[in-house]
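This briefing goes through one protein chain, from its overall make-up to its packing and a single residue. Please keep the sequence and the structure in view while reading the points that follow.

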Amino acid sequence: MFDQYVRETEAIMARGDDREALLLSLLQTLLLSYRSGIFLTPLKKNSTFPLPHWQIRQQDQRIGYIDCISPSSKLLEWEQLPAFQRMQQTFDNLLLVNFHEFRLYRHGEILLQVDIPLALLSTLEDEVTASSQQLETLFAEFFDFRLEAASSSHSLAQETAKRARFLSEWIQSILDDSEQTGNDVASCYQTLLININPSLTKKQFADQYAQAFILYSLEPSAFVNIHPTTDQLNLLSASWWPVFVSGFQNPLSEPLQIVRDEIDQLTGSNSLLTWWGKTITTYDKVNPILDFFKAFRSFFDPTALFRRGMDETTYPLANYIARAVHQFLKTQLLCQNGLADERIRVIHPASSFCTLMIEMMELAARTHMDYYGVRGMNQLFENHIQPHFIAFEHRLDSFAWGALNSYFAATSTSFVASDQPFQHLFLSLLVQDTNTWINAPVLVESENAENKIQSVVKKPLPVIICNTFHLQDDFPLNKQITSLIQELHPGLPSFSEVEGKRFPLLHQSSLHEPMIAMTRITQTLMVQQGEGISALIVPQKILHHPDYRGVRWSLSQTMNEIYILNLHGSSLHDEYVPDGSQDENVFDEEQGVAVLFLVKRKEQTDCKIYHADLFGARRVKENWLKHTDFELFNYQPIKPVSPRFVFSQYDLYAKQAYQSWKSIDKIMPLYQFVPKITEPSWIDCDKAQLIERLLNNRLKQTQSARFDALQTTTKSTLVFEKEIIPFDVKPFEEQFVYLPEKGISAEYQQVAQHFVHSNMALVIAQNTLRGKGEMAFSCFVTTHFIAHPFLSNHPTVSEFLFPLHLFGTTELESKQPRQTMLSLFEPEETYLQSSYNMDKQLLKQLATGYGKKIEAETLFYYLYAILWSSHYQAIAAQHQNNALPRIPFPIDRSVFDQLALKGQQLIALHAHQSLLSNQENTPRYQAITDNRRIEASYFNEKEARVYINSTNYIEPITASQWQFAIGDHPILPQLLNRSTMEPEVELRFCSMATLIANTMKLSEQIDGLFDEAIAATISFNG
């Protein structure tokens, strides 16, 4: 058989007649005669999206694909074409032939190849036999292949994602072909463009459609009856999913059919649920397809990482929200059965994975069972859960994943029949359907005068839930958002005004963000209904950013109760954690997260606002959310006030006073940007070594000159002694720097002149948070020359130096601040040696107000205490905008004096001017063995120890001490970047740990005094 093919191929090639047609017929004969039951299905050739020439089957089993090309084409060149590379990466068993060359690819890699020499003729019998044997081996390998069922969730995700990429590229080719406008796929694209998202790109649609088709093929049962079933609800025109179902069920195009067939083999022709039960022994029962989704996403688009919060609302947070809403319904709105009450209607826009909705429905079912057992469960689902728990999703892929997740949740719940639809899920814009759903009346059971049960039509009680992070990536309601925000509704205050007065925006697009639109929609529906509950997961900035003050004020005017759970977790700036531990986000987000619970009751006008903070690591927060029921005692009442209406307990004291506080550049008029050091080679931790390096360099420069070497050395040593000064590289790390009088820039001189004599200076580093209009800053006191960066590791962060004493004469060309780097700012006079850098007019005002003279050094100490208050930093982050910090001055002189004293003590600690007391809990180095090597230092919180290796450690060390940082510098971990625990390292580490403990103790005392200070402050204009 193979000998004949080899001889006839050589003869046809030698004749040079219509070779390709003859060779194709010859190869087809060989394939059909190789084994019985072989079927060759020709695939349509398409210039825009080529497919293989044949699909090969044996009986009902798909074997693989063969791509035939011209005999004059070279396979090496053909392999480089993008079209073939796509086939190679998609089809697990692919044979490429030009009739005299054969290459077999298995899972994208070449497995075997056979070349039939063209000069065989009929004289080289041995070569004919060798070629036919190789060809027979290749055919056996090709025909013995069977695509086996996936063995794990990970492997299924990989295989299906590979085919989804193939489909996505095919769909894009369909949309780019003007002759394909009548194609089902093109029709679906137009449906979404017209009815849901006019800005949807072809690439976005192709990716979404490919995922939806894959999921539908894996589990068609998950997509049955997920749209309305009653005549009344069928009138809704926003459920476009049946259009896609029709396209998935109609005679499929070849790429779709190929993928459908291969998915059948990947699951063994079982449903996904059945396959899962056979192959997966254990999985996350909370969300059994979450790992599958993550793996699929990583293979489908490696650049698009899974993001908790954006893709999926975490189970602990969804569970807490469900329990909180359930509690609100029972206590605030008097619905005895909570979520199981048939009067309520739950609306879930931007549902994504449907985690929130699933938790709501499962809690409703459990509540019913707790009250009535299994009796009436069918009626509960038919009369309440199915028609009244409604979810919307405008992204086709998210819609499909949500439907599949809901189906798995239903089938894994014992009290839900597997053939019942678990919820109504709509592929729709939330604005198109929400009003219809929320206003449709509900039928509830009621007893009449004769104690007979009858159905009564009532207005539904809305429960609106949404994770607004789901809206941020691809939300198409730009024009509708603008109209929602700007439109004035009766009794609905504008989001752009506070107490009837418009306010300027820091970012003009702030009120056009999707989260604001969702808040407005929620507010409008609840006001229209006169009652309801809403739970919105929002970015933390909505609680305090000045651009959202109108949102906060409007909500306080229309709601009766507002509960704020601030989950914090912003990585854009450091937040104070009471116990000193690390604060992490519950989502994979840079900005912090918060939950707003809004309660609207009939015939009530007042509004009470409650606030709670949840700090700590992600696991700590999730554990609290999972095991903590909603209790009012966890929330503290707050009273936001004009003009900011900050939803935070700190604003209870700050009020509108922040802008009236004195800016620090008005208190200490002379300040400058910290310059960058440009001669790193002239810095050393040892002064003698630095002088020796400088001398060696001088000798090299003067080696050719005729000077006495000893005289030159002696003279240079004296010069160098004068030009080397102490230099702080970062907090608590002192070195020496060589600053030649004639060789450095004026900027260095301006900084260095402040430290010719004993002096102190404030260093403030601050950074504008990206897109937030907020400032994050850190502060430290220095007694030595410094260079940028000092407090931060980021070169772009601005650092300012505020010296206490001014030495020598500093003249400026202008008294106005310069806008360039490394310049001095606005002195009122020519400063003489040892004058104070404090505004004299301010000192007079304080002396008048306090009835006693205020010394400049005392004011310096006070400033340091304020800047180290975590409560102050929280307020400043809320109110500060592209400016230096503003400082409050209490009316009460005693509070000022106490803060100044604490600031003095803090400076003494940080400048190493105070002796550390020998406390009982002072850390000690414990040498269990003689091994003093610092191999892998780590902190053991349970044992309160820092290990330097497997045996030796330092104790006691608390978590807050270990995590303590100034700016971007964690203090204790940096001390262990040595190779061995030398005695000086041991002493420094233990001393610094004690210093940190004292610093934290002082900071806590400062926080309490700060709260007293801002209760009543002196007002300054400017």
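Two residues are taken to be in contact when heavy atoms of theirs lie within 4.5 Å. With that cut-off, and leaving out residues up to four places away in sequence, F205 touches I171, L175, V185, C188, Y189, L192, L200, F244 and L396. The model is a predicted one, and the points below are grouped by topic.

**The chain as a whole**

- The chain has 1022 residues, of which 56% are buried, and its secondary structure comes to 34 helices and 37 strands.
- Of the contacts in the chain with a separation of 6 or more, 74% are accounted for by residues 24 or more positions apart.

**Nonpolar cores**

- The largest nonpolar core comprises 132 residues, and those with the most contacts inside it are F205, Y209, F244, I321, L329 and F597.

**Helices α6 and α13**

- Helix α6, which covers residues 153-176, packs with helix α13, which covers residues 290-300, at an angle of about 40°, and their axes are 8 Å apart.
- Because of that angle, α6 counts as oblique to α13, and the crossing of the two helices is right-handed.
- On the α6 side the contact is made by S153, H154, L156, A157, Q158, T160, A161, A164 and R165, while α13 contributes F292, A295, F296, F299 and F300.
- By residue class, the contact of α6 with α13 divides into nine nonpolar residues, four polar ones and one charged.
- The buried residues of α13 are L290, F292, F293, A295, F296, R297 and F300, and these buried residues pack against α6, α8 (202-218), α12 (272-279) and α17 (396-411).

**P970 in strand β37**

- P970 belongs to strand β37, which is made up of residues 969-970.
- The relative accessibility of P970 is 31%, so this residue counts as partly exposed, given that buried means under 20% and exposed over 50%.
- Apart from its neighbours within four places in sequence, P970 is in contact with F964 and A965.
- P731 is 239 residues from P970 along the chain, and the C-alpha atoms of these two residues are separated by 9.9 Å.

Definitions and conventions. Residues are numbered from 1 along each chain as its sequence is written. This is a predicted model: local features need pLDDT of at least 70, side-chain atom pairs count only at pLDDT 80 or more; totals for chains, interfaces and linings use all residues. Side-chain values use heavy atoms; hydrogens and water are left out. Helices (H or I, at least four residues) and strands (E, at least two) are DSSP runs, numbered from the N terminus. Buried means under 20% relative accessible area, exposed over 50%, partly exposed in between (1.4 Å probe, protein chains only). Axes are lines fitted to C-alpha atoms, for helices over the stretch in contact, and angles run from 0 to 180 degrees between N-to-C directions. Angles under 35 degrees count as roughly parallel, over 145 as roughly antiparallel, 65 to 115 as roughly perpendicular and the rest as oblique. A crossing is left-handed if the near helix is turned anticlockwise from the far one by less than a right angle, and right-handed if clockwise. Ala, Val, Leu, Ile, Met, Phe, Trp, Tyr, Cys and Pro count as nonpolar, Asp, Glu, Lys and Arg as charged, and the others, Gly among them, as polar. A nonpolar core is a set of buried Ala, Val, Leu, Ile, Met, Phe, Trp, Tyr and Cys residues joined through side-chain atoms within 4.5 Å.
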